[in-house]
Amino acid sequence: MAGYVIQRCLQAVVVMFVMSVIVFVGVYAVGNPMDVLIPLDATQDVRELIIARFGLDRPLWEQYLVFVGNVAQGDFGRSFVYAIPVLDLIASRLPATLELTLAAVFGATFIGVPLGIWAGYRPDALSSKTIMGLSILGFSVPTFWVGLILILTFAVSLGWLPAGGRGPTVTVLGVEWSFLTPEGLSHLLLPAVNLALFKLAMMIRLARAGTREVLLTDTIKFARAAGLTEGTIVMRHVLKLIAVPIVTVFGLELGSTLAFAVVTETIFSWPGLGKLIIDSITSLDRPVMVAYLILVALLFVTINLVIDLTYAALDPRISRGAAS
Amino acid sequence: MTLVKMLRAGAFAVALGVAATGATIATASAQTLTVGVRGGPESMDPHYSALGVHADAMKHIFDTLVWSGDNLQIEPGLAESWKPLDDTTWEFKLRKGVKFHDGSDFTAEDVKFSIERIPVVTGPTTLLIYVRRVKEVVIVDPHTVHMKTDGPAATLPNDFVRLFIVSHKAAAAYSTKETAPDGFNSGKATIGTGPYKYVSWEPKGDLVLARNDGYWRGKGPWEKVVRKEMPNDSSRLAALKAGQVDLVNYVSSADWQALKRDPKIDTFLADSVYVMNLQLDQREQTPKVYDLDGKPLAKNPLRDPKVREALDLAIDRQTMVEVVLEGLGTPNNQLMPKGFFGWSAKVPARSPDPKKGKALLAEAGYPNGFQMDLYCTSDRLPGDGAICQGLGQMFAQIGIKTNVNAISRSVYFPAQAKKEYSIFMNGWGTLTGEASYTLGSMAHSPAPELKLGAFNRIEYSNPKVDELLQAAGRELDDAKRKALYEQAMDLIMADRAYISIVTLQTVWAADKGKLRMSPRNDEDTLAFFITPAK
């Protein structure tokens with residue numbers, strides 16, 4: 001197992017390295033970031049001065065080597081736009097995205113899986129058909145539209161919930177969280193629901209399909225023959241047997257939502273990472289783009305590793321297969 | 001909050017187990033002004049960025065040496081008066097009795113410190129252009145400074161509308177590239193003379209300010225000001241309608257149409273400083289113009305005055321304003337909005353005449369037209385992408401096959417700087433309110449040694465215009481300088497290498513009857529000048 005983890009970590013380093021090269025070359029191909037940032041009316045001498053100050057007059061490979069050298073010392077550089085260290089910038093936005101994402105993904109899972117199991121367990125019941133019908137809506141209606149409708153309904157017309165922003169925060173362990181106050185929660189609710197809808201639909205469908213398949217297997221037949229109650233069968237056997245695909249999707253969704261919750265964050269003015277990265281792209285703020293994408297690569301590799309370890313715990317056959 | 005609303009809120013809170021949502025949504029007391037702004041500052045250091053949204057936020061905390069009024073006319077700020085002593089010296093008399101937020105006195109030392117600090121700490125969106133003419137700052141007495149310039153600098157007071165004054169004591173330790181962001185973002189050096197004191201700020205988040213009771217203009221109307229950054233136009237408006245903010249800026253043209261009929265909303269409209277200009281490459285060879293089969297043309301048709309006039313005649317500015325911008329703009333025929341210093345009444349009004357345009361094209365040797373790629377920004381100013389599409393259709397009507405490319409500014413500006421385009425459109429804001437800024441950058445032939453023509457990306461060159469602009473730059477008499485710029489403007493617009501299309505307008509929206517504001521041309525939303533209606 002240790003060898004497996006080490007191998008994964010090495011893969012992560014390679015992925016992150018490739019990522020940094022792609023971003024560097026990509027931004028270079030688009031153009032000099034300074035052409036976007038320097039005021040249009042700047043004279044040539046001012047322009048050259050600024051370009052030299054940011055080291056952008058040097059050849060690309062040299063800029064890249066300087067960057068790698070700094071990263072090796074833990075310094076990702078400073079944002080062109082904000083002049084503050086990139087890691088500070090990302091760290092200041094991470095808690096907001098983290099709590100939004102966790103609320104959405106966990107919410108979707110804890111509501112979606114039981115609904116899905118029910119729909120698979122009683123496929124012909126009216127309640128199941130309603131659940132499945134609604135899940136199609138969750139799939140097919142675009143996020144930005146749902147977001148605006150939620151704002152219009154609950155914030156503008158009814159006035160129950162705030163239209164956006166993050167609300168007051170409480171500092172715990174040096175990090176600012178908003179879900180610990182009632183007002184913070186009220187700010188969190190709409191964006192979390194907006195972000196969760198698609199995932200909810202997916203979880204319902206996954207759980208239903210898995211349950212229907214598992215119910216037909218010999219395991220369940222024998223369990224019933226052995227006189228186990230239906231509750232025990234569902235909780236102990238069905239849930240465990242459908243867990244592997246759900247955990248996979250859960251992990252991937254968690255990663256992609258953390259990295260790219262941008263639509264919801266923009267609509268709800270949520271001060272998270274998604275907005276940061278989009279702004280960085282439009283202003284060609286290369287240090288932020290590079291650092292962010294490298295960290296996202298790291299995040300995905302980590303999540304995949306955790307998923308693989310979870311598989312082994314859920315289904316011992318998988319780890320045995322890897323060993324042989 | 002009405003009783004019904006409160007009951008509903010209460011029921012909902014119980015239903016969801018969320019307590020007290022209702023009470024928190026209501027806008028805070030009348031003593032707080034909460035503004036939803038599209039863009040916020042990039043730092044708390046006023047010398048870091050020259051961006052309009054940056055200056056907008058900074059004007060709450062810091063004062064500028066020279067103030068620019070609602071229509072960008074220059075007025076006394078921290079300097080009470082100024083006059084040129086000779087060709088290379090300006091004397092500024094400073095206001096007495098002004099105090100910084102920490103109680104220390106504002107003196108000439110702070111002015112000198114601020115000017116000398118800018119070249120060290122300024123970021124890529126550089127403020128250097130506003131102090132580049134200053135060679136030396138001489139302190140004569142605590143309330144008099146002499147600015148030595150590198151030549152006659154007639155517009156120095158105009159440049160100083162973006163010269164924010166920081167405290168030379170508070171900022172002393174935070175004036176290198178590395179220390180400045182930390183010192184200012186933490187509030188340690190964020191000590192100004194402005195109407196509001198710094199409380200807190202987060203990049204892309206909220207800027208919170210508290211009133212400075214000792215402000216020299218008098219006490220501001222709001223005890224507390226919160227500026228929330230909300231980049232999405234619909235969300236910002238929704239926050240206003242939900243009562244989360246009191247005022248929003250940059251209402252989109254589509255929303256504006258609906259808001260005009262909304263009895264619960266007040267709107268405020270102002271001409272912006274931005275004019276949309278079509279720019280036609282004047283080089284011998286140009287890359288993006290082709291014959292009808294897509295093959296390069298032997299010579300650049302855009303150098304032919306008849307072709308340029310034909311393009312101008314194809315543009316229906318009234319339709320552009322009414323249809324494309326939904327009324328949120330005014331047709332324009334020159335590089336600056338009406339009434340700015342150097343705006344010329346003599347430039348003839350432009351009216352569309354596609355038939356004559358077609359005839360002119362035929363005379364120029366293109367009876368069947370030609371083909372060209374038109375490039376514009378699509379994400380910089382309201383309506384830029386849509387105007388681009390409109391232009392494409394109008395050019396097609398006179399037989400010029402136009403491939404419209406409305407693209408992100410992050411691609412557009414680097415390519416435009418490399419002169420990869422032949423015909424392109426972007427907005428230009430006359431931020432200082434006078435012509436030297438706009439004409440000097442765009443219409444003078446590229447001349448780095450004179451620091452002129454920096455944004456002349458079409459290599460437009462008219463020796464007569466160059467002469468007029470240089471003469472105006474040396475002329476310290478306002479009336480004479482104005483006449484020179486007007487003459488230059490007449491010539492430039494007659495040449496039609498720059499074809500101005502519309503002046504954009506900006507809209508603010510607030511709850512009905514809540515507040516009064518006089519909208520500013522530079523689009524700033526300054527809390528000090530916004531007063532409660534009651």
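**View 1. Leu72(B), with 21 C-beta neighbours inside 10 Å, counts as buried**. A residue is called buried if 20 or more other C-beta atoms, placed from the backbone, lie within 10 Å of its own, exposed if 12 or fewer do, and partly exposed in between. In this predicted model, local features need pLDDT of at least 70 and side-chain atom pairs count only at pLDDT 80 or more, while totals for chains, interfaces and linings use all residues. Residues are numbered from 1 along each chain as its sequence is written, and chains are lettered from A and ligands numbered from 1 in the order in which they are written. Leu72(B) lies in the loop between β2 (66-68) and β3 (74-76) of chain B (helices, H or I of at least four residues, and strands, E of at least two, are DSSP runs numbered from the N terminus). Although not a glycine, Leu72(B) has a positive phi of about 65°.

**View 2. Lys419(B), in the loop between α14 and β17 (423-429) of chain B**. Lys419(B) also is not a glycine, and has a positive phi of about 55°. With 14 other C-beta atoms within 10 Å, Lys419(B) is partly exposed.

**View 3. The antiparallel strands β6 (residues 134-141) and β7 (residues 144-149) of chain B**. The two strands are joined by 6 bridges, where pairing requires that DSSP finds at least two bridges between them. A hairpin of 2 residues links β6(B) to β7(B), and Glu136(B) stands opposite Lys148(B) in β7(B).
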